[in-house]
Structure formats: structure tokens, C-alpha cells
Amino acid sequence: MADDASSTEPAQEIQKHTGSPTDFLKGVVGKRVIVRLTSGVDYKGILSCLDGYMNIAMEQTEEHVHGRVTNRYGDTFIRGNNVLYISADEPL
């Protein structure tokens, strides 16, 4: 029985989040984010802006491949069709 209760805990945590994806994206503009591409490469930096197609502009960007920094860029533009997800890299 205890296993069943513990398996529902993560689902309960997810249900506590009531903001919409749009609210989240508005909340992370100007903050540090991680952008995962469909190729598996991560870009970490400050989200400058994005549009409805998920085209993303970032500042102070680092490219991470297999968890290791491979490049550093000042400003970066990522085309939206390459984006798998955007995650906050700092508490909101």
C-alpha cells in the first residue's frame, strides 16, 4: 500500500502547478533558462524574447553537449522548430 501512495506523490506535485505555459514563458523572459533542442543539445543563458513559433533569442549563452560546455556565445537565436522544451534554470 505504501508504494501506491508514494507513486502518486509526483503527480500531486504536478497538479499543484496552476499556471499556463504562456504564464510560464512570460515569467522566464529576462531570466536564466535551459533550452533543449530536438538534437539533445542544451543552450543555457538569459531568455531575451520569444515569439509564437518558439523562435528564441538568448544572451550570455552556453552550448552544452552531453553535459559539457562546448561553446559560449554572446547573443543567440534559436529557430523554434528545433526546440524540444524550455526550462527555468533558476527559481521563479
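Q: Which residues is threonine 61 in contact with, leaving aside its neighbours within four places in sequence?
A: On that count, Thr61 is in contact with Tyr43, Lys44, Gly45, Asn71, Arg72, Tyr73, Gly74 and Thr76. Keep in mind that this is a predicted model.

Q: Where does threonine 61 sit, in terms of strands?
A: Thr61 is in strand S3.

Q: And is threonine 61 buried or exposed?
A: Buried: its relative accessibility is 1%, and the cut-off for buried is under 20%.

Q: What does the side chain of threonine 61 make a polar contact with?
A: The side chain of Thr76, at 3.0 Å.

Q: Which residue in S4 stands opposite threonine 61?
A: That's Tyr73.

Q: Let's stay with S4. Where is asparagine 71?
A: Asn71 lies in strand S4. From there, Asn71 touches Thr61, Glu62 and Glu63, if you don't count residues up to four places away in sequence.

Q: How far apart are asparagine 71 and threonine 61, in sequence and in space?
A: They are ten residues apart in sequence, and 8.4 Å apart in space going C-alpha to C-alpha.

Q: Which side chains does the side chain of asparagine 71 make polar contacts with?
A: One is the side chain of Glu63, at 2.7 Å. Another is the side chain of Tyr73, at 3.2 Å.

Q: Why does asparagine 71 count as partly exposed?
A: Because its relative accessibility is 33%, and partly exposed is the range between under 20% (buried) and over 50% (exposed).

Q: OK, how do S3 and S4 pair, and over how many bridges?
A: S3 and S4 pair in the antiparallel sense, over nine bridges. They form a hairpin with two residues between them. In the turn, His66 has a positive phi of about 55°.

Q: Is histidine 64 buried or exposed, and what does it touch?
A: His64 counts as buried, at 9% relative accessibility. Not counting residues up to four places away in sequence, His64 touches Val41, Asp42, Lys44, Val69 and Thr70. The side chain of His64 also makes a polar contact of 3.1 Å with the side chain of Glu62.

Q: Zooming out: how many helices and strands does the protein chain have?
A: Two helices and five strands. Along the sequence, the pattern reads α-α-β-β-β-β-β.

Q: In what order do the five strands line up in the sheet?
A: The order is S4-S3-S2-S1-S5, in an open sheet with antiparallel pairing. S4 (68-78) and S5 are the edge strands, each pairing on one side only. Ignoring direction, neighbouring strands are turned by 30° against each other on average.

Q: Which strands does H2 touch?
A: H2 packs on the sheet and touches S1, S2 and S5. The direction of H2 makes about 65° with that of S5.

Q: Now the core. How many residues does the largest nonpolar core have?
A: It has 13 residues. Those with the most contacts inside the core are Val33, Val35, Tyr43, Ile56, Met58, Ile78 and Ile86.

Q: Which elements each supply at least two residues of this core?
A: Helix H2 (21-28), plus strands S1 (32-37), S2 (42-50), S3 (56-65) and S5 (83-88). S1 gives the most, with three residues.

Q: You listed methionine 58. What is it in contact with?
A: Leaving aside neighbours within four places in sequence, Met58 is in contact with Val33, Val35, Tyr43, Lys44, Gly45, Ile46, Leu47, Ser48, Gly74, Asp75, Thr76 and Ile78.

Q: And isoleucine 56, which residue does it stand opposite in S4?
A: Ile56 stands opposite Ile78.

Q: Last bit, the chain as a whole. What share of its residues count as buried?
A: Of the 92 residues, 26% do. The chain exposes about 6500 Å², with carbon and sulfur atoms supplying 51% of that.

Q: What about contacts between residues at least 6 apart in sequence: what share join residues at least 24 apart?
A: That comes to 39%.

Conventions. Residues numbered from 1 in each chain as written. Predicted model: local features only at pLDDT ≥ 70, side-chain atom pairs only at ≥ 80, totals over all residues. Heavy atoms only, no water. Core = buried A, V, L, I, M, F, W, Y, C linked by side-chain atoms within 4.5 Å. Buried < 20%, exposed > 50% of the residue type's maximum accessible area, 1.4 Å probe, protein only. Helix = DSSP H or I, 4+ residues; strand = E, 2+ residues; numbered from the N terminus. Contact = heavy atoms within 4.5 Å. Areas by Shrake-Rupley, 256 points an atom, 1.4 Å probe, with all protein chains shown as cover. Pairing = 2+ DSSP bridges. Axes fitted to C-alpha atoms, helices over the stretch in contact; angles between N-to-C directions. Polar contact = N/O pair within 3.5 Å; in protein donor to acceptor, adjacent residues only side chain to side chain.
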